[in-house]
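Me: I would like to go through this structure with you. Could we begin with the overall fold and then turn to individual residues?

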Amino acid sequence: MKQSVISGIRLASMRDGGEPYGMVEDAGIAIEAGRIVWAGALNDLPEQFSGWERADFGGRLATPALVDCHTHLVFGGNRAKEFEMRLEGASYEEVARAGGGIVSTVSATRGTDEDALVEGALKRLDAFLAEGVATVEVKSGYGLTIDDELKMLRAARRLATLRPVRIKTSYLAAHAVPAEYRGKEDAYIDEVVLPGMEAAHAEGLADAVDGFCEGIAFSPEQMARVFDKAKSLGLPVKLHAEQLSNLGGAKLAASYGALSADHLEYLDEEGIAAMAAAGTVAVLLPGAFYTLRETQYPPLADLRKHGVRIAVATDCNPGSSPLASLLLTINMACTLFRMTPEEALAGATREGARALGLADEIGTIETGKRAEIATWDVEHPAELAYRIGFNPLHRLVSGEIA
């Protein structure tokens with residue numbers, strides 16, 4: 001059983017309350033068997049840890065490893081041509097007629113085998129790991145058949161066998177209506193979404209169930225059917241909600257005790273109050289806001305007023321957020337949404353963990369948590385939000401110090 005003490009750090013524990021960022025100068029962290037058994041000022045190190053192996057990090061900043069709680073990391077193809085067409089003035093309809101939009105990603109994903117999906121996702125995943133990310137949520141949702149949704153989830157599961165990362169999967173067959181079911185949304189739920197969920201659960205492929213509640217996707221009534229099935233299987237839920245309009249999706253999600261409701265640009269105060277009462281985390285996705293050149297901002301002031309926990313994530317996907325940098329996302333959360341650097345960093349650590357149901361395991365540096373720690377070549381944690389296109393990661397400790 002390995003026992004070690006990290007010393008020579010300035011600790012941003014991201015614990016609630018106390019000093020901003022949970023800062024402790026000249027700190028230490030004691031680790032045993034991959035878990036934190038003590039963290040605090042090094043002068044207060046208990047005698048029982050004094051003889052443990054030391055690892056001096058030279059005065060660097062230490063934070064919890066980052067958590068990306070909303071990605072679509074597994075997919076086939078790309079939509080660079082569509083991006084180019086939009087910039088040249090093509091309308092959404094023109095892009096769709098040319099085979100663009102989600103239809104193109106569905107077609108490419110269906111035509112890509114599991115090994116190739118894994119290979120493509122690894123390239124994006126490596127970009128996350130290089131920035132101190134140790135936990136990534138990955139959704140299905142581009143297969144839209146039972147077999148192809150399961151293929152995506154299997155590919156996502158395999159990522160954790162190939163890299164030192166925790167992968168949490170979300171079953172997202174209720175993402176869009178495929179062309180063969182256009183105008184038959186209820187039949188699609190009956191014939192694909194619900195039985196596919198049963199199959200994913202039986203195979204242990206789904207950690208949660210997600211959906212897209214929007215006029216271009218599924219209604220609250222249809223999502224309730226999906227959530228009822230999830231509840232019967234004991235699977236937690238989350239929801240893409242209020243991104244383009246206010247259909248009351250966040251309120252619906254909260255009524256099912258959802259882990260999170262995500263996007264939320266059109267969220268009203270009734271939905272916010274419901275989320276606060278349920279403990280549902282608000283996941284803000286500035287990458288999609290930026291890429292789609294949106295002008296409706298998420299209601300940050302009201303979320304704060306009601307005490308809703310706020311996470312931030314990349315929404316990494318081939319269409320609306322081709323973003324594979326959580327550090328840049330933290331900056332965007334500040335510059336676009338006016339979050340504070342402390343809120344944004346908490347959103348990519350403590351609250352990102354909460355949005356995945358992992359708050360007891362990761363997201364802060366404190367006794368009992370997993371030893372997943374990022375060390376940085378910066379003077380102050382606000383630099384992680386301030387810098388653009390700069391990666392100051394020194395080292396990511398995951399479990400034990402090698």
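Reply: Helices (H or I, at least four residues) and strands (E, at least two) are DSSP runs, numbered from the N terminus. This is a predicted model, in which local features need pLDDT of at least 70 and side-chain atom pairs count only at pLDDT 80 or more, while totals for chains, interfaces and linings use all residues. Residues are numbered from 1 along each chain as its sequence is written, and side-chain values use heavy atoms, with hydrogens and water left out.

Me: How many helices and strands are there in the chain?

Reply: The chain has 15 helices and 14 strands. Its radius of gyration is 21 Å, close to the 21 Å that the globule rule gives for 402 residues, so the chain is as compact as a globular protein of that length. The radius is taken over C-alpha atoms, and the rule is 2.2 Å times the number of residues to the power 0.38.

Me: What does the C-alpha trace span along its principal axes?

Reply: The spans are about 70 × 45 × 40 Å.

Me: And what percentage of the residues count as buried?

Reply: Of the 402 residues, 56% count as buried. Buried means under 20% relative accessible area, exposed over 50%, and partly exposed in between (1.4 Å probe, protein chains only).

Me: What about contacts between residues at least 6 apart in sequence?

Reply: Among those contacts, 71% join residues at least 24 apart. Contact means heavy atoms within 4.5 Å.

Me: Let us take a helix. Which residues of α3 are buried?

Reply: In α3 (residues 102–110) they are S104, T105, V106 and T109. These buried residues pack against α1 (80–87), α4 (114–129) and α5 (146–162).

Me: Where does A176 lie, and what does it touch?

Reply: A176 lies in the loop between β7 (166–174) and α6 (185–202). Not counting residues up to four places away in sequence, A176 touches I102, L144, Y188 and F218. A176 is buried, with a relative accessible area of 9%.

Me: How far is A176 from N43?

Reply: They are 56 Å apart in space, C-alpha to C-alpha, and 133 residues apart in sequence.

Me: Switching to cysteines: how many disulfides does a search of the whole structure find?

Reply: The search finds zero disulfides, a disulfide being a pair of cysteine sulfur atoms within 2.5 Å.

Me: Now the second largest pocket. How much space lies in it?

Reply: About 300 Å³. On a 1 Å grid over the protein atoms alone, a pocket is an open set of points where a 1.4 Å probe fits, with protein on both sides within 12 Å along at least five of seven lines; lining residues have an atom within 4 Å of a point. Grid points are joined across faces, edges and corners, and a volume is the space filled by probe spheres set on the points.

Me: Which residues lie nearest its centre?

Reply: D16, E343, A346, R350 and E351 do, out of 17 lining residues. The elements giving two or more residues to this lining are α11 (300–305), α13 (341–347) and α14 (350–355). The largest share, three residues, comes from α13.

Me: What is the lining by class?

Reply: There are five nonpolar, three polar and nine charged residues. Ala, Val, Leu, Ile, Met, Phe, Trp, Tyr, Cys and Pro count as nonpolar, Asp, Glu, Lys and Arg as charged, and the others, Gly among them, as polar.

Me: What is G363 in contact with?

Reply: Leaving aside its neighbours within four places in sequence, G363 is in contact with M14, P64, T349, R350 and A353. G363 is in the loop between α14 and β13 (372–376) and counts as buried at 4% relative accessibility.

Me: Last topic, backbone angles. What is phi of D26?

Reply: Phi of D26 is near 45 degrees, a positive value in a residue other than glycine. Most residues other than glycine have a negative phi. D26 is found in strand β2 (residues 23–32) and is partly exposed, with a relative accessible area of 44%.

Me: And D315: what is its phi, and is it buried or exposed?

Reply: D315 has a positive phi of about 60 degrees although it is not a glycine. D315 lies in the loop between β12 (310–312) and α12 (326–335), and at 2% relative accessibility it counts as buried.
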